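Subject: Structure for your review

Dear colleague,

Please find below the structure that I am handing over to you.

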Amino acid sequence: MTPAELTDAIRAAVRAAVDDGRLAVEVPGDVVVERPKRKEFGDYATNVALQLAKAARRPPREVAEIIAGYLAGRAGIGSVEVAGPGFLNIRLQAGAQGELVRTIIEQGSRYGNGDTLRGQRINVEFVSANPTGPLHLGHTRWAAVGDALARVLAAAGAEVTREFYINDRGSQMDKFGESLAAAAAGEPIPDDGYHGDYIYELAKEIATDHPEFLTLPADQRRVAFREAGYERQLARQRRALENFRVHFDVWFSERTLHDSGAVDDAIETLRRQGHVFDHDGATWLRTTDFGDDRDRVLIRSNGEKTYFAADAAYYLDKRRRGFTRCIYLLGADHHGYVARLRAIAACAGDDPDQTLDILIGQLVKIVKDGAEVRLSKRAGEIVTLEDFVDLAGLDAVRYSLARYPADSPLVLDVDLITRQTNDNPVFYVQYVAARTASVSRHARELGIERGPFDPALLTHERESDLLGSLGEFPRVVATAAELREPHRIARYLEELAGVYHRFYDSCRILPVGDEPVTPLTHARLALNDATRIVIARGLDLLGVSAPERM
RNA sequence: GCCCCCGUAGCUCAGCGGACAGAGCAGCUGCCUUCUAAGCAGUCGGUCGCAGGUUCGAGUCCUGCCGGGGGCGCCA
């Protein structure tokens, strides 16, 4: 019996009580069942009576007694008792819990998937770096978190598009071109230009492939270098992200919004909605109508359309492409954008609570040998995605970044996350994957066939604990998706890993020496297989590998 | 000045209003002739920043204060 099935049973019990006129309440859409911390509180506990007490206008314990009466005796339910202020402590029938192993093995890597987000088309925009340099630590965090979030949303049934917005227009691009042109010509780069080693390398590369660029007049030379640099730098970012196991479905260029007239159309649309006004020669959007602390300029008095105007056009474009929900991952330095992005949605006639999720991520620092790592050989003052992966390894970087909530500031110790001991949660979890695989290999060597098994034999306390943890996985995935918090997957895996290790320690799976293969061997082997499936799937949701050996 | 995030064990941090606040590390004590000891068991460790409020019940929600970080452009 899975927690979801138990939830259904509890709801059915409440419904029966209501039908019999014993309770005057609405049957709740969802019921919280949890694994109590203390053994004597049973396999599962629910606070449903406490929550219904007010509506029923009866004391919680009395409500609990009524529900307990209808719940006891249902299929799979062993015993139900009322405890504390009105909790229902539930014990499952022997064997009912073990059925879960069959479910997991049948469903394989689909186990944990749900349909809570079925029908939603979600656009997840993240990283969105300027194509003027390498990806830095902040981008690396969003790459790990954003991709994990996209995987989790898909597991919850949503149709997900990963999108990268390329800021390929404006003064930063011009400075980039100017810096490259200067570097190629052996001239000093302006102070406010780009200075990392990668600029010189890139400039040299371009000059080698296109020596004719150097003969162009200065302004054309800057444009030529800008365009060639853009193409190459973007390709590098894309390659770095693909190597990081992050694949974007859409690379969206800011320029195309301007070139296609989408920005003008957007301004026109917003004007029709009545939120655009002219003042001091500029064109503004009255975002203060929707909670922004000041109005925002769409077209500057010099005729130039602002970045904000492109943001508005971009949002409208996403909606036109059919996305029901747009998720933005932004760095903390962009938190000022939240109010204005919401205002754009509201000005366009949407309800921002329904169509937008803006996740603000705090900064990341990495520390090695007790000191902050700040310098990169490639990029000067910044540490790049590639530097970090070189330093710590792909799995360690992805896992370490994805295991914290995005909005908590993060200090990662490189020595810690690369250590191959259980100091390091990545290895602690991956070790379970390797251990389960090792047991599986060993079973094959002993010629033990997989086949029917009796789940009722899984009665050891550690087996029961493991079944309980495995059963929680679908709800963890659903919650992580609903709250946009992929780190919950990592925390769950760490918990599951501990429970498995304790099971492994107490419950010998395979025969020792001349011992015979017993029905318990088959049952435990199936439990081991089920654990492998869940650990591997959980790691996959984080973009981390589940090694066969370590 | 206004806005956002954070404040939980010595450290890094979990904790969707529920039962005696959790994990890992660090410290101390044990466990490998058996499926991976990259593991397990035990022990030590807390005014959940402070003060009010809402609630049957608050680390969790609300208000104020204190401390730390970040942000506030006709920049991108």
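Among contacts in chain A between residues at least 6 apart in sequence, what percentage join residues at least 24 apart? The share is 69%. Please keep in mind throughout that this is a predicted model.

Overall picture

Chain A contains 20 helices and 15 strands. Taken along the principal axes, its C-alpha atoms fill a box of roughly 85 × 60 × 40 Å. The chain has 550 residues, and buried residues make up 54% of them.

Helices that pack against each other

Helix α4 covers residues 99-107 and helix α18 covers residues 461-483; they pack with their axes 10 Å apart, at an angle of about 45 degrees. That angle makes α4 oblique to α18. On the side of α4, the residues that make this contact are Leu100, Val101 and Ile104, and on the side of α18 they are Leu467, Leu470 and Gly471. The crossing of α4 and α18 is left-handed.

The second pair consists of helix α6 (residues 171-185) and helix α7 (residues 197-209), whose axes are 8 Å apart and meet at an angle of about 70 degrees. Helix α6 is therefore roughly perpendicular to α7. Here α6 contributes Phe176, Ser179, Leu180, Ala183 and Ala184 to the contact, while α7 contributes Ile199, Tyr200, Leu202, Ala203, Ile206 and Ala207.

A covered helix

Helix α15, residues 394-402, is mostly covered: nine of its nine residues are buried. Among them are Leu394, Asp395, Arg398 and Tyr399. Another residue of helix α15 is Ser400. Is Ser400 buried or exposed? Its relative accessibility is 4%, so Ser400 counts as buried. Leaving aside residues up to four places away in sequence, Ser400 touches Leu410, Leu412, Ile417 and Val426.

Aromatic rings

How many aromatic pairs does a search of the whole structure find? The search finds 14. In one of these pairs, the ring centres of Phe248 and Trp251 are 5.4 Å apart and the ring planes are at 70 degrees; planes over 60 degrees apart count as edge-to-face, so this pair is edge-to-face. Both residues are under the 20% cut-off for burial: Phe248 is buried with a relative accessible area of 2%, and Trp251 counts as buried at 18% relative accessibility.

The rings of Phe277 and Trp284 are arranged in another way. Their centres are 6.1 Å apart and their planes are at 15 degrees, which is under the 30 degrees required, so this pair is stacked. Phe277 counts as buried at 17% relative accessibility, and Trp284 is buried with a relative accessible area of 15%.

Phe248 and Trp251 also belong to an aromatic cluster, which they form together with Phe126 and Phe164.

Charges over rings

Two arginines lie over aromatic faces. Arg121 lies over the face of Phe323, at 5.0 Å from the ring centre. Arg435 lies over the face of Tyr504, at 3.8 Å from the ring centre.

Backbone angles to note

Most residues other than glycine have a negative phi. Against that background, two residues deserve a mention. Val127 is not a glycine, although its phi is positive, at about 65 degrees. Where is Val127 placed? It is in the loop between β5 (121-125) and α5 (137-155). At 7% relative accessibility, which is under the 20% cut-off, Val127 counts as buried.

Arg245 likewise has a positive phi of about 65 degrees and is not a glycine. This residue lies in the loop between α8 (218-243) and β7 (250-253). Its relative accessibility is 32%, which falls between the cut-offs of 20% and 50%, so Arg245 counts as partly exposed.

Yours sincerely,

A colleague

Technical notes. Residues are numbered from 1 along each chain as its sequence is written. Chains are lettered from A and ligands numbered from 1 in the order in which they are written. This is a predicted model: local features need pLDDT of at least 70, side-chain atom pairs count only at pLDDT 80 or more; totals for chains, interfaces and linings use all residues. Side-chain values use heavy atoms; hydrogens and water are left out. Rings of Phe, Tyr and Trp (its six-membered ring) pair if their centres lie within 6.5 Å; planes under 30 degrees apart count as stacked, over 60 as edge-to-face and the rest as tilted. Buried means under 20% relative accessible area, exposed over 50%, partly exposed in between (1.4 Å probe, protein chains only). A charge sits over a ring if NZ of Lys or CZ of Arg is within 6 Å of the ring centre and within 35 degrees of the ring normal. Axes are lines fitted to C-alpha atoms, for helices over the stretch in contact, and angles run from 0 to 180 degrees between N-to-C directions. Helices (H or I, at least four residues) and strands (E, at least two) are DSSP runs, numbered from the N terminus. Angles under 35 degrees count as roughly parallel, over 145 as roughly antiparallel, 65 to 115 as roughly perpendicular and the rest as oblique. A crossing is left-handed if the near helix is turned anticlockwise from the far one by less than a right angle, and right-handed if clockwise. Contact means heavy atoms within 4.5 Å.
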